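Good morning, colleagues. Please bring up the sequence and the model, and I shall take you through the computed features in turn.

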Amino acid sequence: MTRLGSAYWRLWWANAVSYAGDGALVSALPLFAVTVTKDPRLISLVSAAMFLPWLLLSLPAGAIVDRHDRVALMWRSQTVQFAVMAVLTILIMTRVAGIAVLAAAGFLLGCAEVVFSNAEQSALPALVPADLLPRANGNQQVVLTIGETFVGPPLGSALFAVRAALPFGLDAVSFAGSAALLAGLPRTAKSRTTQSRTTRARSEQGMRAQIAEGVRWLAGHRLLRTVALLLGVSNFSSQMGQVTLVLLATQTLHVGTGGYGLLWTAAAIGSVLGGLVNPAITRRLGLLTSLIVAMAAFAALDAGIGLAPDFAVAAALMACNGFFVTMWNVVTVTMRQRIVPAELLGRVNSVYRMLGWGLMPLGALAGGFIAHAAGLRAAYIVGGVLSGAALLAALPALASAASGTSSADKASPDKASPDKASPDKDEVPAASR
């Protein structure tokens with residue numbers, strides 16, 4: 001069996017360190033926001049600020065990723081995030097951090113994350129052989145799940161109970177450790193070749209033209225375009241609920257800070273279980289059917305969480321959501337890495353992410369206002385209905401892509417049908433949408 005190699009495992013360990021710190025922030029940030037205000041509209045501003053860069057910066061970030069060394073962009077982004085978290089920790093310790101400070105810090109973290117995430121997904125195919133991408137992406141999703149939802153949130157909640165600044169300081173240290181590990185990654189021959197070719201062939205081409213090339217490529221690929229739009233609606237809907245989850249847990253379900261962290265632990269358990277059994281399920285169902293099942297599950301589970309009568313039911317539904325997230329994420333990441341030409345991967349990823357993640361700040365704001373007007377449960381219920389409606393509307397386009405009738409998909413040998421995009425469907429583990 002071919003090994004993934006030391007460079008990949010260095011990236012894996014960097015992510016393991018960073019994701020654990022991020023997981024602590026996932027629980028600590030809303031818990032701290034609740035100590036400042038109980039207004040869901042104000043709390044939603046913090047979440048919206050963190051995701052706003054995906055709407056504003058994703059397209060230029062993709063062009064930057066295709067122009068510059070991706071490994072360097074990764075460790076420099078993590079260094080910026082370390083600096084932001086270090087300052088935020090100090091401000092919390094000195095009791096001067098309010099909603100405005102949290103929102104500003106979240107926006108800066110999000111800006112760096114846009115560059116980092118695009119660079120990481122675009123760099124991975126240069127670090128591992130193409131036939132190992134499903135396994136490599138699976139490993140990435142497993143460590144993301146363990147760090148951001150299994151280890152981090154309970155740890156963040158526990159540290160927050162001791163002292164509010166501790167989980168924020170932990171996240172700062174995790175960014176520093178990750179940056180140090182990433183700085184030791186080699187620039188692969190493939191990366192250098194891509195960069196030199198891009199420099200020579202497009203020296204006179206502006207960033208706007210390069211961005212437009214990525215937009216045109218994704219617009220011409222019916223399957224990836226449809227999946228990106230579905231993801232956008234799904235993430236908009238899920239953010240409507242998740243932005244008020246801390247209030248739902250502490251005020252409606254009455255479970256306190258520890259129970260809030262356990263809800264994320266339940267989601268992680270579901271993700272890990274999904275990582276164990278989803279490969280067999282996906283092989284049996286096929287790639288496209290698996291994505292449709294996952295999207296339908298998101299709609300039902302979001303509505304169900306909003307209707308959950310107690311903590312046990314909510315935790316079970318969070319676990320189910322984590323299970324189906326694993327069915328969605330790895331196959332779609334691997335699909336893009338296999339279908340999109342290497343020299344376009346950063347830009348196409350950025351367009352895909354803008355469509356898929358760009359609506360999240362709007363979803364967060366909508367969730368805050370819906371919760372304020374109609375109650376804390378309403379945002380989850382409305383989100384579930386929206387996801388279900390989007391899936392029904394997209395089914396004809398997905399069916400057309402599956403049958404290979406799209407002329408755009410037939411026009412290019414680089415574009416694959418959904419069932420051929422990822423033939424090695426033996427690794428389908430976890431994360432968030």
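What share of the 433 residues of the protein chain counts as buried? The figure is 58%, where buried means under 20% relative accessible area, exposed over 50% and partly exposed in between, with a 1.4 Å probe and protein chains only.

The model is predicted, so local features need pLDDT of at least 70 and side-chain atom pairs count only at pLDDT 80 or more, whereas totals for chains, interfaces and linings use all residues. Residues are numbered from 1 along each chain as its sequence is written, and side-chain values use heavy atoms, with hydrogens and water left out.

I begin with the fold. The protein chain has 18 helices and zero strands; these are DSSP runs, H or I of at least four residues for helices and E of at least two for strands, numbered from the N terminus. Helix α13 covers residues 287-307, and its end C-alpha atoms are 31 Å apart, in agreement with the 30 Å that its 21 residues should span; the expected span is 1.5 Å times one less than the number of residues. Because 15 of its 21 residues are buried, α13 is largely enclosed by the rest of the structure.

Contact means heavy atoms within 4.5 Å. Among contacts between residues at least 6 apart in sequence, 88% join residues at least 24 apart.

Turning to aromatic rings, the whole structure contains eight pairs. Rings of Phe, Tyr and Trp (its six-membered ring) pair if their centres lie within 6.5 Å; planes under 30 degrees apart are stacked, over 60 edge-to-face, and the rest tilted. Trp12 and Trp13 are edge-to-face, at 4.9 Å centre to centre and 90° between the planes. Trp12 is buried, at 18% relative accessible area. Ring pairs also link Tyr8, Trp9, Trp12 and Trp13 into a cluster.

Finally, charge. Which residues form the salt bridge? Arg41 and Asp39 do, at 2.9 Å, N to O; the criterion is a side-chain nitrogen of Lys or Arg within 4 Å of a carboxyl oxygen of Asp or Glu. The structure holds one such bridge, and Arg41 counts as partly exposed at 28% relative accessibility.
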